[in-house]
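Have the model open beside you and follow along.

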Amino acid sequence: KYGNKSQSSPWSNSSFQVEPMYAAHGDNLDNPSVEDLQWSPTEATVLASAECGGYVRIYDIRCPGKAMISNKIHSGGADVNVISWNKLVGNLLATGGDDGSFSVFDLRNFQTADASVPPKPLARFHSHRTPITSLEWHPTDESMIAVSDDNGTYVYDLSIEEDDPENNLNEEEAAVEGVIPPQLLFVHSGSDMTKEVHWHPQIPSCIATTSLSGYSVFIPSNL
């Protein structure tokens, strides 16, 4: 209680300082920017961070000072801009990179024996030509995800597979920038520099986006 004027609340005292529980480590010490954070949907003390230099780290606040799991998911060092933890399948984490790729990882297989070898994602898409700015899993469909980049907003259904197995893209073909994957269901264009995309928690398939040119609210016609 800070009713006494002789006492100052720590929140209003300009000398009040918060000591960080975690510090930069690994090979991105010169550029330790954290781009995004996501709490685990199943573990109250666990969170994930998206960091510059291509890193994703998993922390447990009960163990301050170090990451429980740490991996460089982009061998080229492209920044990880955004992450989204699947609320229906707690071991799935989606990441969006500055190189225009977005990936889905199974956290049960995220830590590799050799720290120099990036973990293998369940899926990785290179169809975007600009950095990924936001992504979010559908609140009721575990396989559907909305993704945005500078040019628009996109809806993917990761449960879709090519009807003809012979037409499935191999890893080299899938890594070609601009290839349109069969999982891409819907594209919303017309906004300038889209920054965020969110599903409506009560209205199925309703999406809201923010951008430099304003905001949009829409329901994709094919969902």
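Q: What makes the pair Arg 57 and Glu 51 a salt bridge in this predicted model?
A: The closest N and O atoms of Arg 57 and Glu 51 are 2.4 Å apart. A salt bridge needs a side-chain nitrogen of Lys or Arg within 4 Å of a carboxyl oxygen of Asp or Glu, so the pair of Arg 57 and Glu 51 qualifies.

Q: Why are Arg 57 and Glu 51 called buried?
A: The label applies under 20% relative accessible area. Arg 57 has 1% relative accessibility, so Arg 57 counts as buried. Glu 51 has a relative accessible area of 5%, and therefore Glu 51 is buried as well.

Q: How do you know that Asp 60 and Arg 62 meet in a salt bridge?
A: Their side chains come to 2.6 Å, N to O. The cut-off is 4 Å, so the pair of Asp 60 and Arg 62 passes.

Q: Are Asp 60 and Arg 62 buried or exposed, and what makes them so?
A: Asp 60 has 8% relative accessibility, and buried means under 20%, so Asp 60 counts as buried. Arg 62 has 60%, and exposed means over 50%, so Arg 62 counts as exposed.

Q: What makes Asp 106 and Arg 108 a salt bridge, and where do the two residues stand in accessibility?
A: The closest N and O atoms of Asp 106 and Arg 108 are 2.8 Å apart, so the pair is within the 4 Å limit. Asp 106 is at 9% relative accessibility and counts as buried, while Arg 108 is exposed with a relative accessible area of 66%. A search of the whole structure finds three salt bridges.

Q: Why are strands S1 and S2 called paired?
A: Pairing asks for at least two bridges between two strands. Five bridges join S1 (residues 34–39) to S2 (residues 46–51), so S1 and S2 pair, and they run antiparallel. Trp 39 stands opposite Leu 47 in S2, and Gln 38 has Ala 48 as its bridge partner in S2. A hairpin of six residues links S1 to S2.

Q: What makes S1 and S4 edge strands?
A: The open sheet has four strands in the order S1-S2-S3-S4, with antiparallel pairing. S1 and strand S4 (69–72) each have a single partner strand, so one side of each is left without a neighbour in the sheet. On average, neighbouring strands of this sheet are turned by 15° against each other, direction ignored.

Q: Why is Thr 95 called buried, and which residues does it touch?
A: Thr 95 has 1% relative accessibility, and the limit is under 20%, so Thr 95 counts as buried. Thr 95 lies in strand S6 (residues 92–97).
A: Leaving aside neighbours within four places in sequence, Tyr 154 is in contact with residues including His 128, Ile 145, Leu 184 and Phe 186.

Q: What makes the link between Tyr 154 and Asp 149 a polar contact?
A: The side chains of Tyr 154 and Asp 149 are joined at 3.1 Å.

Q: Why is the phi of Met 193 worth a look?
A: Most residues other than glycine have a negative phi. Met 193 has a phi near 60°, a positive value in a residue other than glycine. Met 193 is found in the loop between strand S12 (184–188) and strand S13 (194–199).

Q: What does the protein look like in totals?
A: The protein has one helix and 15 strands. Of its 223 residues, 41% count as buried. The protein exposes about 12,700 Å², and carbon and sulfur atoms supply 52% of that area.

Terms used. Residues numbered from 1 in each chain as written. Predicted model: local features only at pLDDT ≥ 70, side-chain atom pairs only at ≥ 80, totals over all residues. Heavy atoms only, no water. Buried < 20%, exposed > 50% of the residue type's maximum accessible area, 1.4 Å probe, protein only. Helix = DSSP H or I, 4+ residues; strand = E, 2+ residues; numbered from the N terminus. Areas by Shrake-Rupley, 256 points an atom, 1.4 Å probe, with all protein chains shown as cover. Axes fitted to C-alpha atoms, helices over the stretch in contact; angles between N-to-C directions. Contact = heavy atoms within 4.5 Å. Polar contact = N/O pair within 3.5 Å; in protein donor to acceptor, adjacent residues only side chain to side chain.
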